[in-house]
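Let's look at some helices together, one question at a time. Have the sequence and the 3D view ready.

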Amino acid sequence: MDALKEEIDKQQTLFNDLRAQKADAATLDEAKKRLADLKKQLGQSKAAAGVKDGGKKRERLLLKTAKGTRDYGPGEMFCREHIERIVRSVFTAYGGSCVDTPVFERKDILTGKYGEDSKLIFDLKDQGGEELALRYDHTVPLARYLAMMGGNNTHSKIYQLSKVYRRDNPVMSKGRMREFSQADFDIIGQWDTMIPDAEIISVICSVISKLDVGDFTIKLNNRKILDGIFEVCGVPEDKIRPISSAVDKLDKAPWSEVRKEMTEEKGLDGAVADRIWEYVQHKGGPSLLETLRADEKLMGNARAKEGVEEMGLLFKYLDAYKLVDKMSFDLSLARGLDYYTGVIYEAVCEASAPPGFTASNALASGSASALSSSTAPITGNTSTKKPKKAATDGEEDEVDESTVGVGSIAAGGRYDNLVGMFTAAAAGEGKKGLNMPCVGVAIGLDRIFSIVWPKWVEKGMRSKETMVYVMAAGDGLLVERIRLVQELREAGIKADFLMKNKPKLPAQFAAGERDEAPFAIILGESELKEGLVTVKEQAWEFVDGKKEKKKSSDKGTQVKRAELIDWIKSTKVFKDWDLGRLIVEASETQ
């Protein structure tokens with residue numbers, strides 16, 4: 001069995017090398033098949049060896065996380081908490097109040113709300129056989145919560161920040177997982193047209209601008225316009241949502257693939273599909289509205305006309321927010337979820353599109369000139385279908401991460417009927433339920449983390465909050481160390497010490513370096529009698545791409561024990577602490 005494992009390792013290395021060298025498909029398939037055969041042999045060998053002693057099977061515990069989930073270490077969590085703090089601060093600055101809903105719901109609450117994505121819901125059963133499911137998003141549980149409140153939560157701003165679950169093929173390095181965190185902000189109630197929609201878009205821009213994701217664009221559309229286009233082009237009513245879902249893939253697949261899905265998989269007439277393409281290839285700024293208004297056939301459709309007028313108002317308000325230059329009015333944006341009824345939007349950045357896929361113009365220009373430059377058909381036979389890694393040990397095939405982008409980092413829209421669906425269903429057949437218009441956004445925290453984390457590491461950001469590490473030379477001075485640590489903590493200075501009676505000084509310095517504490521405070525018996533402590537400032541730098549403590553011959557500064565807290569708070573390190581930087585350039589210290 002050991003020889004077989006060794007052969008598998010060699011074959012895996014060969015397969016990885018071939019893929020890195022971009023070997024031809026036949027060679028890759030042959031190597032992948034050989035690897036799968038070897039793993040199958042190993043599984044059979046293990047099964048045969050495990051059945052002994054009267055049929056009892058002895059198995060080793062497989063220590064791994066479930067597919068599509070992962071652990072986060074302390075340094076990663078420090079970065080994630082930094083992201084979450086920024087999100088919460090923006091949400092509260094915009095007047096949001098926090099709510100929390102259960103991580104699982106009755107299954108009938110979730111079904112019928114997500115269109116083709118309903119298959120991604122995680123189903124559960126409790127011990128009594130009640131049909132349950134893990135929440136797919138925050139929007140449907142929020143609508144259920146509002147319906148249960150009976151209309152008592154009107155004219156409010158609500159935010160949520162917690163985990164949701166989807167049984168999708170994960171792409172872990174891009175933050176696309178089965179368990180992931182979302183931050184939602186929703187405005188509830190009957191307000192004047194498009195004002196809350198513009199406010200939500202302002203929330204998105206405020207959050208993303210404060211995070212290190214690079215340039216971004218907000219793609220805008222309106223379901224009323226899109227549905228009007230489908231009707232004018234001749235899409236049957238029962239096919240509008242499935243065709244809308246196909247159109248939504250134009251940001252990651254060429255028109256040839258999307259058209260094939262429309263016609264061959266969903267049964268749409270080819271001529272109808274081509275008429276849709278004449279519309280959905282357009283993107284630009286407010287001037288696109290004039291192009292749509294000049295289309296008499298489209299303006300003859302009541303839904304499309306209403307959508308165009310709403311978008312005109314929206315751009316007016318976005319101009320007041322000074323955000324128009326961040327917008328791209330994109331007629332191919334559809335959003336796959338069934339509950340959207342009006343304005344829809346997505347935030348995209350450079351990492352959103354699949355590597356090498358530029359035809360979708362994922363980082364679209366918000367300028368009017370984008371319209372003329374984006375009307376050329378997307379041509380070419382290059383497929384963006386995601387190659388899959390070989391399945392192992394009975395698991396599903398996995399997506400090749402090198403072919404996939406992060407996707408949108410925030411998305412949402414208006415959903416005016418979702419709360420009413422719940423109140424009507426609860427009221428009984430034939431009775432009308434209370435309607436409550438809503439508009440909101442979901443921000444993908446894991447996707448943002450996948451972009452921010454490499455930059456966080458590259459910039460030398462901290463991985464822990466400890467500012468001061470208290471040490472002692474000589475006899476240990478445990479009581480004195482504890483007293484000083486508590487004083488520092490009570491003064492708002494994060495401090496720690498080595499929890500041993502008489503630790504050696506090198507061991508204490510090593511512990512302080514692991515915590516990346518910029519101040520080492522050293523206590524000595526003779527200094528304490530004189531009312532003094534020694535403070536040694538510590539700094540880090542990059543050496544060959546790795547973070548290392550700077551070597552220094554400095555013996556430290558003697559500070560009066562009674563003045564220590566004020567001394568620390570007067571330093572640049574303390575004043576700049578919230579920036580999160582551990583490594584600071586020399587020019588920044590001057």
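Q: Is the crossing of α6 and α13 left-handed or right-handed?
A: First, a note: this is a predicted model, where local features need pLDDT of at least 70, side-chain atom pairs count only at pLDDT 80 or more, and totals for chains, interfaces and linings use all residues. Residues are numbered from 1 along each chain as its sequence is written, and side-chain values use heavy atoms, leaving out hydrogens and water. A crossing is left-handed if the near helix is turned anticlockwise from the far one by less than a right angle, and right-handed if clockwise. For α6 and α13, the crossing is right-handed.

Q: At what angle do helix α6 and helix α13 pack?
A: Helices here are DSSP runs (H or I, at least four residues), numbered from the N terminus. Axes are lines fitted to C-alpha atoms over the stretch in contact (heavy atoms within 4.5 Å), and angles run from 0 to 180 degrees between N-to-C directions. The axes of α6 (residues 195-209) and α13 (residues 302-320) lie 9 Å apart, and the angle is about 50°.

Q: How many of the 11 residues of helix α7 are buried?
A: Buried means under 20% relative accessible area, with exposed over 50% and partly exposed in between (1.4 Å probe, protein chains only). Among the buried residues of α7 are Ile 225, Leu 226 and Phe 230. The helix is largely enclosed by the rest of the structure, because the buried count is 10.

Q: Which residue caps the N-terminal end of α7?
A: Look for a side-chain oxygen 2.9 Å from the backbone nitrogen of Lys 224. That oxygen belongs to Asn 222.

Definitions and conventions
Helix = DSSP H or I, 4+ residues; strand = E, 2+ residues; numbered from the N terminus. Polar contact = N/O pair within 3.5 Å; in protein donor to acceptor, adjacent residues only side chain to side chain.
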